[in-house]
Amino acid sequence: MKDANKTQKKLHERNKHKHLYDFDKLKLVVPELAAFISKNPSGVDTIDFALPEAVVLLNKAILMKDYKITYWEMPKTNLCPPIPGRADYIHYVADLLAEENGGKIPTGKGVKVLDLGIGANVIYPIIGIAEYGWEFVGSEVDAVSIKTASHIVDNNPHLKKSITIRQQMSKRNILKNIMGEKEYFDLVICNPPFFSSNAEVLAKTTQKLKNLGKEIIGKPVQNFSGQNNELWCEGGEKAFITNYIYESKHFKRQAVWFTTLVSNKEHLKPLQALLKKAEAKEVRVINMEQGNKISRILAWQY
């Protein structure tokens, strides 16, 4: 029998996913998920996380059960993120905003958040709206992802009132063309492309499947599928965040906190050095742990 009280490692104290997934409740909201549920060697309910279809259905069920979503459909080609880690990001940046608000997390539409790279899944706004009622602007370079994201927003009335999606027409820019001249944000969030090439994406996929004990024949199928712009960019994560930092200086009076995920620990020191050069007033590194995975939020303000 599943131990419903077993806690996952070190998720944020407000994270809804501190305990193992309750598959009995999840399959009630998305019945198709039931076909992918099996017992692991310890007799605990699980799914095969190497199967993209299973991961998509799990995410859909979580969003419907925990985040007030009634419609969420994803093409197989788009990134399907692990929700507990995304929720952690939202909760930790909420703590940053609380510091500017006498220790109390500001809620409601008076809090405006810019999500750089909203993607097709709209995951950060979905969580931020359900947990704190914030208002979001999401940028995206890919027209197909915008179409999918817009369809999700349009089919969830509470999202439609709180999310605006803007297309970034230049792949060289991040904040420019998205932030209005006199627009102000309490927070900017970003989940940058991790990889520097498609070959690197495939190598990572192969390693992940090996870690899951899967036999690989031919080209591996990604369980973390995504469009090229979601997974990699020229120069990879470090180059993307470098450009973001340079642009943030030009918009320094238009946001309280600029933040980004940093997947590769080795990128932190050069990025912190760059922020010092850019004369950031304050720089924070916030560690997040989900199971055996550690990621970081880099946050700065001018």
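Okay, let's start with a count: there are 12 salt bridges in this structure. Keep in mind that it's a predicted model. I'll go through a few of them, and then look at a pair of helices.

First up, Lys10 and Glu289. Their side chains meet in a salt bridge, 4.0 Å from N to O. Lys10 is exposed, because its relative accessibility is 59% and the cut-off for exposed is over 50%. Glu289, at 25%, is partly exposed.

Next, where does Glu99 find its partner? Glu99 meets Arg284 in a salt bridge at 2.6 Å, N to O. Glu99 belongs to helix H3 and Arg284 to strand S8, so this pair ties together parts 185 residues apart in sequence. Glu282 joins in too: Glu99, Glu282 and Arg284 are linked in a network of salt bridges.

Now, the helices. H3, residues 83-99, packs against H4, residues 123-132, at an angle of about 55 degrees, with the axes 10 Å apart. That angle makes H3 oblique to H4. The crossing is right-handed.

Who's touching whom? On the H3 side we have residues including Ile83, Tyr89 and Ile90, and on the H4 side, among them, Ile127, Glu131 and Tyr132. The contact residues divide into 9 nonpolar, 2 polar and 2 charged.

Lys16 lies in the segment before H1, 115 residues away from Glu131.

Terms used: Residues are numbered from 1 along each chain as its sequence is written. This is a predicted model: local features need pLDDT of at least 70, side-chain atom pairs count only at pLDDT 80 or more; totals for chains, interfaces and linings use all residues. Side-chain values use heavy atoms; hydrogens and water are left out. Axes are lines fitted to C-alpha atoms, for helices over the stretch in contact, and angles run from 0 to 180 degrees between N-to-C directions. Helices (H or I, at least four residues) and strands (E, at least two) are DSSP runs, numbered from the N terminus. Angles under 35 degrees count as roughly parallel, over 145 as roughly antiparallel, 65 to 115 as roughly perpendicular and the rest as oblique. A crossing is left-handed if the near helix is turned anticlockwise from the far one by less than a right angle, and right-handed if clockwise. Contact means heavy atoms within 4.5 Å. Ala, Val, Leu, Ile, Met, Phe, Trp, Tyr, Cys and Pro count as nonpolar, Asp, Glu, Lys and Arg as charged, and the others, Gly among them, as polar. Buried means under 20% relative accessible area, exposed over 50%, partly exposed in between (1.4 Å probe, protein chains only).
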